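Please consult the sequence and structure shown below while reading.

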Amino acid sequence: MIETLNEYSILYVEDEPDIKEDIEEYLSAYFSIVYSATDGEKALELYYKYQPDVLLLDISIPKINGLDLAKKIRKENSDVKIIMLTGHSDKERLLTAVELNLTKYLIKPFSPKSFKETLELLATKLQKSNVNYLHLGSNYVWNRQKETLTLQSNEIKLTEKEHRVLKFFINKQSQTISYEDIMVEAWDNSFEEEISLDSVKNLISRLRKKLPTDLIVSVYKKGYIFKKI
């Protein structure tokens with residue numbers, strides 16, 4: 001299960017250089033992208049810019065502490081997974097952390113075993129809650145809610161026709177989609193003007209370049225199949 005983390009990005013915030021370097025290296029072995037910051041203000045900036053899937057926050061960081069940072073993000077995102085790291089164990093901080101719906105609360109120093117167990121728990125929770133995301137392979141993700149395509153958390157720009165056809169393919173996985181079906185889906189006035197077969201093939205060719213290899217399979221003289229994910 002932990003291997004599925006390579007489909008996600010993480011933002012790690014820690015102000016102690018030695019700890020930060022070691023944990024960053026460890027995280028890089030599991031996540032597709034690791035963003036990092038040494039203070040809360042920079043972390044918030046990176047969060048807004050990249051919208052990472054997971055936050056790994058130390059409580060005692062400069063400018064905006066980890067708890068306040070989590071509170072700010074929780075106000076607009078109830079789904080992002082948050083793991084909190086701290087050397088403190090006082091009741092007040094623990095109670096505040098509980099209200100933030102954390103995936104895990106780790107008290108430093110923690111063992112490699114407990115950290116790996118935390119990542120395994122995280123992977124399980126991500127898979128269970130990830131109904132809005134369709135992973136197309138090779139770090140390509142379709143966000144069903146936003147209807148956006150990303151590669152390693154970076155959005156891939158689609159033309160209007162490419163967007164229509166990709167959405168149509170996703171809803172018709174493993175079904176043969178005819179050239180005529182694509183014409184109707186992609187062109188508003190397909191019934192009023194003649195759309196050439198070459199136009200359809202060129203559209204699919206452009207779309208293929210923005211997707212994992214062999215996701216769209218040609219069906220001889222009929223159309224295409226979008227592989228079952």
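The structure contains 10 salt bridges, a salt bridge being a side-chain nitrogen of Lys or Arg within 4 Å of a carboxyl oxygen of Asp or Glu. The model is predicted, and local features therefore need pLDDT of at least 70 and side-chain atom pairs count only at pLDDT 80 or more, whereas totals for chains, interfaces and linings use all residues. Residues are numbered from 1 along each chain as its sequence is written, and side-chain values use heavy atoms, with hydrogens and water left out.

## Salt bridges

| Pair | N to O distance |
|---|---|
| K108 and E14 | 3.3 Å |
| K42 and E45 | 3.3 Å |
| R164 and D188 | 2.7 Å |

The salt bridge between K108 and E14 links distant parts of the chain, 94 residues apart. K108 belongs to the loop between β5 (104-107) and α5 (112-129), while E14 belongs to the loop between β1 (9-13) and α1. Helices (H or I, at least four residues) and strands (E, at least two) are DSSP runs, numbered from the N terminus. K108 and E14 are both buried; buried means under 20% relative accessible area, exposed over 50%, and partly exposed in between (1.4 Å probe, protein chains only).

The pair K42 and E45 lies within one helix, α2 (residues 40-50). Because K42 and E45 are 3 residues apart in that helix, about one helical turn separates them. K42 has a relative accessibility of 36% and so counts as partly exposed. E45, at 47%, is likewise classed as partly exposed.

The salt bridge of R164 with D188 again connects distant parts of the chain, here 24 residues apart. R164 is in helix α6 (residues 160-171), and D188 is in the loop between α7 (179-186) and α8 (197-208). D188 is exposed, with a relative accessible area of 64%.

D58 is part of strand β3. Is this residue, D58, buried or exposed? Its relative accessibility is 3%, so D58 counts as buried. The side chain of D58 makes a polar contact with the side chain of K108 at 2.6 Å. A polar contact is a pair of N or O atoms within 3.5 Å; within protein, one must be able to donate a hydrogen and the other to accept it, and residues adjacent in sequence count only if both atoms are side-chain atoms. The D58 side chain also reaches the backbone nitrogen of S60, at 3.0 Å.

A patch of negative charge on the surface gathers D15, E16, D18, E21, D22 and E25. Patches of this kind are made of residues with over 30% relative accessible area and no salt bridge, like charges being joined within 9 Å. Among the members, E21 lies in helix α1 (residues 17-28) and is exposed, with a relative accessible area of 53%. D15 is located in the loop between β1 and α1 and is partly exposed, at 31% relative accessible area. The C-alpha atoms of D15 and D39 are separated by 6.5 Å, although these residues are 24 residues apart along the chain.

Helix α1 also contains K20. K20 is buried, with a relative accessible area of 14%, and its side chain makes a polar contact with the side chain of S36 (3.4 Å).

## Backbone features

Most residues other than glycine have a negative phi, and most peptide bonds are trans. Which residues does a cis peptide bond join? The bond links K108 and P109, with omega about -5 degrees. P109 is placed in the loop between β5 and α5.

K63 is not a glycine, yet its phi is positive, at about 70 degrees. K63 sits in the loop between β3 (54-58) and α3 (66-74) and is exposed, with a relative accessible area of 63%. S174 has a positive phi as well, near 70 degrees. The loop between α6 and β10 (176-178) holds S174, and this residue, S174, counts as partly exposed at 43% relative accessibility.

Notes: Patches are made of residues with over 30% relative accessible area and no salt bridge: like charges are joined within 9 Å, nonpolar side chains (Val, Leu, Ile, Met, Phe, Trp, Tyr) within 5 Å. Accessible areas come from the Shrake-Rupley method with a 1.4 Å probe; for residues, only the protein chains shown count as cover. Lys and Arg count as positive and Asp and Glu as negative; His and the chain ends are not counted. The place of a charge is taken as NZ of Lys, CZ of Arg, CG of Asp or CD of Glu.
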